[in-house]
Amino acid sequence: MYDRHASAIYRYAARRAGDFAADDVTSETFLVAWEQLDSYDLSRDDARPWLFGIATNLLRQHHRAEANVLKAAAKSAAREAMADDSDRIAAEVDAKVATGRIAQALRSMADIDRETLLLYAWADLTYEGIALAMSVPVGTVRSRLNRARQTLRTQFNLEKLSETENHHGRPAAAPRNA
């Protein structure tokens, strides 16, 4: 019986559930047929309808199990997407609040300090490049950036420079006599 009908059962299962499940359904079909052989009506000329009935029932079970797995995966993905969305929304709100606070801090600075800071931060110019762009000495650029940083520290309630930092927010060099 297996030799005569296995390829037809396999093709049917493969069309319904894909090649990955067809092997299992085919082998299970003949296992169930073997276990229920005493209930088979021997007056029937062809066993194919009986075998296809068994295969169909197995495919239904396979599809139900697959649907349950997919449903669970969809619920899990929805929860993860919800968490991802809430994290994204919270990040966007935080960014908008921070942007507003930064804009307010920039408005509170002297125009010349703000321009110097923006050339440094947004145009990514060096102190020398800013000095050239603004036609001022490098020392003036340093002074303006220092005032801009102090304004930002005050606006954002950041702590004052520690003894290990210089006025550029970088670690201070060790004293020469250390």
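This is a predicted model: local features need pLDDT of at least 70, side-chain atom pairs count only at pLDDT 80 or more; totals for chains, interfaces and linings use all residues.
## Overall picture

Buried here means under 20% relative accessible area, exposed means over 50%, and partly exposed is anything in between, using a 1.4 Å probe on protein chains only.

Residues are numbered from 1 along each chain as its sequence is written, and side-chain values use heavy atoms, with hydrogens and water left out.

The protein chain has 6 helices and 0 strands, taken as DSSP runs numbered from the N terminus (H or I, at least four residues, for helices; E, at least two, for strands). Contact means heavy atoms within 4.5 Å. Among contacts between residues at least 6 apart in sequence, 50% join residues at least 24 apart.

## Two cores

A nonpolar core is a set of buried Ala, Val, Leu, Ile, Met, Phe, Trp, Tyr and Cys residues joined through side-chain atoms within 4.5 Å. The largest one holds 19 residues, and Val25, Trp50, Leu51 and Ile54 touch the most other members. Helix 1 (2–17), helix 2 (19–35) and helix 3 (48–108) each give it two or more residues. Another core lies apart from it, with 11 residues, among them Val136, Val141, Leu145 and Ala148.

As for Trp50, leaving aside neighbours within four places in sequence, it is in contact with Met1, Ala33, Gln36, Leu37, Tyr40 and Arg44.

## Aromatic pairs

The whole structure has 4 aromatic pairs. Rings of Phe, Tyr and Trp (its six-membered ring) pair if their centres lie within 6.5 Å; planes under 30 degrees apart are stacked, over 60 edge-to-face, and the rest tilted. Tyr12 and Phe52 have ring centres 5.2 Å apart and planes at 90°, so they're edge-to-face. Since Tyr12 sits in helix 1 and Phe52 in helix 3, the pair ties together parts 40 residues apart in sequence.

Tyr120 and Tyr127 also make an edge-to-face pair, with centres 5.6 Å apart and planes at 65°. Tyr120 is partly exposed at 25% relative accessible area, whereas Tyr127 is buried at 7%.

## Helix 4 against helix 6

The axes of helix 4 (residues 111–121) and helix 6 (residues 138–155) come within 8 Å and cross at roughly 95°. The charged end of Arg149 sits over the ring of Tyr120, 5.6 Å from its centre (the cut-offs are NZ of Lys or CZ of Arg within 6 Å of the ring centre and within 35 degrees of the ring normal).

How values were computed
Axes are lines fitted to C-alpha atoms, for helices over the stretch in contact, and angles run from 0 to 180 degrees between N-to-C directions.
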